[in-house]
Amino acid sequence: MYELNDKVKNLKPYDPICGAYKIRLDANESFLALPEEIRSEIFQRMDKSSWNRYPDPTATGVCRAFAEYYGVPQECVAAGNGSDELILILLSSFLKSGEKLLTISPDFSMYNFYGFIAEAENLNLAKPDTMKIDPQEVIQTIREKNARVVIFSNPCNPTGQGLTRQEVRKIITSVDALVILDEAYMDFWSESMIGEASQYDNLIILRTCSKAFGMAAIRLGFAVANKRLIDVIRAVKSPYNVNTFTQIAGETVLSYKDLLRKGTQQIIESIKDLSKEIAAIAQEFPGTFTPYPTCTNFVFLHCEKAEQIFQSLLSRGIAVRLFRFADRGNFLRITAGSPQENAALCTALREILKEG
Ligand SMILES: *Cc1c(COP(=O)(O)O)cnc(C)c1O
């Protein structure tokens, strides 16, 4: 009989919320739909593309469009099948089995998972109650424990907190480890390191089209780093990791710079409104939950009754994300939706809290 090895024997597939909920505020996606004209432009280009040929392995067009949008050199950009794929590629190639990976919890759960697949030794630093990373502590831990790679999201999913450029620079320049800086939510904030990525020999920035750009469906993410690191990524990735249709859709949408900036701005307006309302609700129902400030498109709440609220929202057709941490208690993460969705969420939340 074939025996599964210890590594894979007890793994469970990723299990997101799947039901047909009216309002989806659980995955930090954009609430904005792509304009009809742009969709048809994409379909026309797809129609003209060669379906029998493999895609461009370096995804030249879409990397150029990305580079132009952010004003970075094109040779410093590589594309992935979502930034998720890039995380797996990076951790399984820049770490050898048994080498140390530092993560800072709570953070994006895939880091530990892919680190585990890469057979890295996982070092974990717990964030303080403010949920803000202490850069000095990160530096010390990397030095003392000899970590080879540190990965964290900035601003952070799920906490919504961020480090300034100055603080991130301090980490990068104080350690020999590779710093993987996941800027999945940086379009909503102003402290990106993307403009100076090529200056460091130990920094890789990850960006995604799944959040601010409203293209979670096409699976498209990017790594930005100096050329030496990008060449490694190009060498280790599977050659045709980004399919032709994703390349076409990404290149097309990224060329509509004003549309993307406007859309991002709309999401920022939405999170401002939602944060304000959530803060008001917290005041109306003292002691029920504590919201953290946010520089992302979601709010993060500390709430002992999170599970009950989560279930009550689900039964009203509203999906949010529940977190239960053994060491810190329960939390909810709520993505900013359309004005109507935010209003429905807040009405439901008030009803649920009134019922107690
Ligand atoms: C959503 C998210 C990603 C995943 O992005 P994809 O490009 O859709 O794979 C990566 N990192 C963080 C922190 C995220 O929240």
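A polar contact is a pair of N or O atoms within 3.5 Å; within protein, one must be able to donate a hydrogen and the other to accept it, and residues adjacent in sequence count only if both atoms are side-chain atoms. The model examined here is predicted, with local features requiring pLDDT of at least 70 and side-chain atom pairs pLDDT 80 or more, while totals for chains, interfaces and linings use all residues. Residues are numbered from 1 along each chain as its sequence is written, and side-chain values use heavy atoms, without hydrogens and water.

Residue D187 is located in the loop between strand 6 and strand 7 (helices, H or I of at least four residues, and strands, E of at least two, are DSSP runs numbered from the N terminus). With a relative accessibility of 15%, D187 counts as buried (under 20% relative accessible area, with exposed over 50% and partly exposed in between; 1.4 Å probe, protein chains only). The D187 side chain forms polar contacts with the side chains of Y70, at 2.6 Å, and R207, at 2.9 Å. Beyond neighbours within four places in sequence, the residues in contact with D187 are Y70, R207, A212, F213, T264 and I268 (contact means heavy atoms within 4.5 Å).
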